[in-house]
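Okay, thanks for coming, everyone.

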Amino acid sequence: KELAEDKDYAEKYQHVASHSYNTDDPAYSKAASQISGQSRAYPDLSFNLGAESTGNDTSLPTIKEYIDRLHKDAADVGIAASAGIEGKTVTVNVQIKAAVENNYRVAAWILEDDIEAEQDGAVAPWQNIHENALRAFSGNSLNMGVYGERLGDLKAGETAEKVLAIVLEDGWKAENCKVLVIANSSDQGRYDLANCIICPIGGSVTYDYK
């Protein structure tokens, strides 16, 4: 909360909350359980698709230290996207444009806001309202969900497109959901986060290299 209210940092990261500790938690999801299988503790704060972790150190200075080190002023790739819904299926049309030559993948995650659930140890009402809860990935496996669909090698200035579909489950409120679109780039046998954006369902976003 303090970080989100800091204007110097608010636009330098996207927060995903993975509720996986208790299946009775209204914010729990199978996707959260899958991604948290790599966690070493609760809570576990990780960066860059889980490549780095502070463990259960969630202090503000630690978070800022990681963001300062990992953030780049210009992204390697720009993302444009639109998202629509028909029934329970969210369809995401993504186009990326490379600023740096590399091998790229793209993924989409459904996040839900305004989930009411009592938080153990809460001392203020806002702590019982949960934002950015991970609900589902595109792709049919954890690897595809995290690293995404292959787009192949792109030279600087080249573009690539992909259509991704995600089915919402009963109980999720579509009006509170949004799509996190993630572009990953190859780095010596693994993939690193190259850029990410939030796209509203029923809306669109244009290229942003920040």
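So, how many bridges join strand S3 to S13? Two, and S3, residues 77–86, runs antiparallel to S13.

Before I go on, a bit of housekeeping. This is a predicted model, where local features need pLDDT of at least 70, side-chain atom pairs count only at pLDDT 80 or more, and totals for chains, interfaces and linings use all residues. Residues are numbered from 1 along each chain as its sequence is written, and side-chain values use heavy atoms, with hydrogens and water left out.

When I say strand, I mean a DSSP run of E, at least two residues, numbered from the N terminus. Two strands pair if DSSP finds at least two bridges between them.

Back to the sheet. Four strands make up an open sheet, and the order is S10-S4-S3-S13, with antiparallel pairing. At the edges sit S10 (159–167) and S13 (204–205), each pairing on one side only.

Now look at strand S5, residues 102–112. Is S5 mostly covered or mostly open? Mostly covered: nine of its 11 residues are buried, meaning under 20% relative accessible area with a 1.4 Å probe, protein chains only.

And S5 has several antiparallel partners. Nine bridges tie S5 to S11, residues 177–187, and there valine 106 has alanine 183 as its bridge partner. Five bridges link S5 with S9, residues 149–154, where asparagine 103 faces aspartate 153. Then four bridges connect S5 and S8, residues 133–137, with isoleucine 110 opposite alanine 136.

Definitions and conventions
Buried < 20%, exposed > 50% of the residue type's maximum accessible area, 1.4 Å probe, protein only.
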